[in-house]
Amino acid sequence: MKIILLLTLSFCITMPARSQQENYEVYAIKFTSMSQKSAVADWAYGAPATDSINIDFVIWLIKGVNGKNILLDAGFLNDIEDAKDFAIVNYVRPDSMLLKLGLKATDITDIILSHPHWDHIDGLNLFPNAQVWIQKEDFNYFVGAAWQKDGSSGGFNKRDVRMLTDLNMAGRVTLVDGDNKELFPGIKVYTGSRHTFNSQFVLVETGVSRIVLASDNIWVYYSLEHMRPPSTGGTFDTTAYVKSMQRMKTLASGNKYIIPGHDSKVFSLFPKVAEGIVKIK
Ligand SMILES: [Zn+2]
């Protein structure tokens, strides 16, 4: 008995102080911006007409110690017609941005698609080895009902529909079936905000903090700070969108760790690691 006690005691004394292990590093990567400020009211319902905001286009990298290099969304190629409406500047192709973090396009193992709008899906083919994860209902709507006469295909580009269909037939798409699904250890997706038919957001448990990457399930900070739905066209269900933001608050380590999809403020809130890239921590 004495020996056991002694052994336990010496074990306790020699144990190093437990430090938290960071299993995933999370980065926000800006690949282009709108040249002009826009009205916050264009993005968040009921915002004061005089408030303005800088809008960025972003992908997020989740870099695992397990060798996984996961993107949330793939950005777009700048020859896409839809980009013209946004008068974009300082475009750098998403895969070129990753070089600043020492990653090649071929190093990306997985891409979680929050939703299939052109600015999030069009860059998929830049990453030849990535498995694509999209909600099953979002996929079905994107390739099917959106194009029927009562459908809603706003923000969808036909070339992206063909690309995703081809990737699916090549076995490179996994359809995620519903809410609260763990895709990788510590990485879960959630539905409910209905930015598109069944868009999803991501929770990363890094080991140090719990980060919600909302993508366009929150367009801008104003929505989160004032619990406001997006402006017209930003969701199929405004009540569900607000409820989903409430839920994000229960999932993240704090409101600071809830990251909207298009608000340039993200890039001043977190430490810069390269031009256009911050580490969320
Ligand atoms: Zn977007």
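Visitor: What should I know before I start?

Guide: This is a predicted model, where local features need pLDDT of at least 70, side-chain atom pairs count only at pLDDT 80 or more, and totals for chains, interfaces and linings use all residues. Residues are numbered from 1 along each chain as its sequence is written.

Visitor: How do strands pair, and what is the strand order in the open sheet here?

Guide: Strands of a sheet pair through backbone hydrogen bonds, either parallel or antiparallel. Strands are DSSP runs (E, at least two residues), as helices are (H or I, at least four), numbered from the N terminus. Two strands count as paired if DSSP finds at least two bridges between them. Here, five strands make an open sheet in the order 10-11-12-13-14, with mixed pairing.

Visitor: Why is one side of strand 10 and of strand 14 left without a neighbour in the sheet?

Guide: Strand 10 (181-184) and strand 14 (258-260) stand at the edges and have a single partner strand each, so one side of each has no neighbour in the sheet. Strand 10 runs antiparallel to strand 11 (residues 187-190), joined by three bridges. In that pair, Phe184 sits opposite Ile187.

Visitor: Is Asp95 buried or exposed?

Guide: A residue is buried if 20 or more other C-beta atoms lie within 10 Å of its own, exposed if 12 or fewer, and partly exposed in between, with C-beta atoms placed from the backbone. Asp95 is buried, because 21 other C-beta atoms lie within 10 Å. You'll find Asp95 in helix 2 (residues 94-99).

Visitor: Which residues of helix 4 are buried?

Guide: In helix 4 (residues 136-143), they are Asp138, Phe139, Tyr141 and Phe142.
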